[in-house]
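This report covers selected side-chain arrangements. The sequence and the model are shown first.

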Amino acid sequence: DATATLKTATDLQTRIENQIDALTIISDYATTNSGVVPTVATYIAAEVTSVNDSNIDSINSVLKNAVIDGAIADSVADISKIVDSYSKILGEAGDRNGLAPDNSNIDPTFADYENIGLNKVSDINYSNLLNDVVGKLAKTQIDTFDELSAYANITTNILSLANDDTTVTISKDDLVKIGIVGVTDDNLQAVLNAVQAVTNIANIDSLTELQGLVTKSTQDANVALDIIQNYAQDNVNPAPDVNTFKLAGVNNVIPANLEAINKVLVSLPVTGEHVETTAEVQLIVDIYNDEASDIDKIAHDGMFDDLGVIILAITPSVMSQLSESTVSQITAVQSEVLTPEQVKALFDGGLIDNMSDIALGNLPTEAFKNFTKEEFVSLSKDVISVLSPESIAGLSDEQLIALRDSDKVDALRSN
């Protein structure tokens, strides 16, 4: 009984002053995340119950998060709300495995998560999925705010993507972290496409439902990739449509570019073995959409040979319209596979001067055979100076004579 020691007005005054001092310590700690760290004795003096040696660090970690500040942690009611909600969440740990410390099976509500600063857990669907995740974890995996927040970020991002928020980022490791199996680097995009296609997030607000969606989407991705591969191998097979690419995890295929992309698949250099993965097919699409931002990385992650084949399949008309960034990446990786027609297209698109010195030096022998002598002589001195001996050997007599008679012959001699 807290009143048992109150024998005089002085006792009451002392108790009030001690409570005010304790509340100030707690509020200041929430505001500055530094200074005097509240102890169990601090919470007792503040007359906040249920804080003990086993949860004091957990409660203090909540006070340090950016959402909780002194303004919402400066009264017994406010602080008790934080303590009670986090205690309820900690009690949920292991519940789905039958290991809950209290065996109460009383799930935290989304309000409990909001009370400790997880404001993105904003409705019952968001708390349902997070409760499922927490229920399969050990208490030690969520006994700090940062640990719990990491799981909450993953579950809220998943449901936000299902609500068409494409600004969120979800990795394979994120899905593995919450217990989802069957996701690989290559089928991840297919899984994310399936999540985004969900029309009601209540259909994936449990781990069982989410896992079911993931399993089906990876199966659908395998079937879709088989259709794409088979068509690349032999165009008597059914052609992939826009939805086929989507199911395979390949983005940005639309009716307007579908025919062009399928033409690459059935072009002579490309066969089924060159489009065995989502990443390989996506590269074709990205080049055609002029969005190939990571060609060099892809090439060095095991697609080097396939990249050369894909580059050969690019039509000159498309090549001439690529951005400087895409051209520089293609040519830096495999400029030696470019055909004379493609090199001419790059020239027509004003892109030759944007190729790196290394790329220009690696052009094939007959790279400039389609250039008129006037076009060849119009090349900058910088380009001419770095042409390889093999490229020079492929020049016609007319081109060489024209160059000799121009003011750029010295650039050739410097090579």
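## Basis

The structure is a predicted model.

## Aromatic pairs

A pair of aromatic rings is described by the distance of the centres and the angle of the planes. The structure contains three aromatic pairs. One of them joins Phe347 and Phe371, with 4.8 Å from centre to centre and 45° between the planes, and is tilted. This pair connects distant parts of the chain, its two residues being 24 residues apart. Phe347 belongs to helix α17 (residues 340-348), while Phe371 sits in the loop between α18 (357-361) and α19 (373-377).

Phe371 also pairs with Phe368. Here the ring centres are 5.0 Å apart and the planes stand at 85°, so the pair is edge-to-face; the cut-off for that class is an angle over 60 degrees. Both partners are buried: the relative accessible area is 5% for Phe371 and 1% for Phe368. Since buried means under 20%, each value falls in that class.

Which residues do the ring pairs link into a cluster? The cluster consists of Phe347, Phe368, Phe371 and Phe376.

## A charge over a ring

Another aromatic residue, Tyr151, has a lysine over the face of its ring. This is Lys177, at 4.5 Å from the ring centre.

## Ala221 in helix α10

Ala221 is part of helix α10, which spans residues 207-233. Is this alanine buried or exposed? Ala221 has a relative accessible area of 2%, so it is buried.

Leaving aside residues up to four places away in sequence, Ala221 touches Ala190, Leu247 and Ala248. For one of these contacts, the one with Ala190, the C-alpha atoms are separated by 6.2 Å. Ala221 and Ala190 are 31 residues apart along the chain.

## Ser85 in helix α4

Ser85 lies in helix α4, made up of residues 76-92. The relative accessible area of Ser85 is 2%, and therefore this serine is buried.

Which residues does Ser85 touch, not counting those up to four places away in sequence? The contacts of Ser85 are Asp112, Asn115 and Ile116.

Methods:
Residues are numbered from 1 along each chain as its sequence is written. This is a predicted model: local features need pLDDT of at least 70, side-chain atom pairs count only at pLDDT 80 or more; totals for chains, interfaces and linings use all residues. Side-chain values use heavy atoms; hydrogens and water are left out. Rings of Phe, Tyr and Trp (its six-membered ring) pair if their centres lie within 6.5 Å; planes under 30 degrees apart count as stacked, over 60 as edge-to-face and the rest as tilted. Helices (H or I, at least four residues) and strands (E, at least two) are DSSP runs, numbered from the N terminus. Buried means under 20% relative accessible area, exposed over 50%, partly exposed in between (1.4 Å probe, protein chains only). A charge sits over a ring if NZ of Lys or CZ of Arg is within 6 Å of the ring centre and within 35 degrees of the ring normal. Contact means heavy atoms within 4.5 Å.
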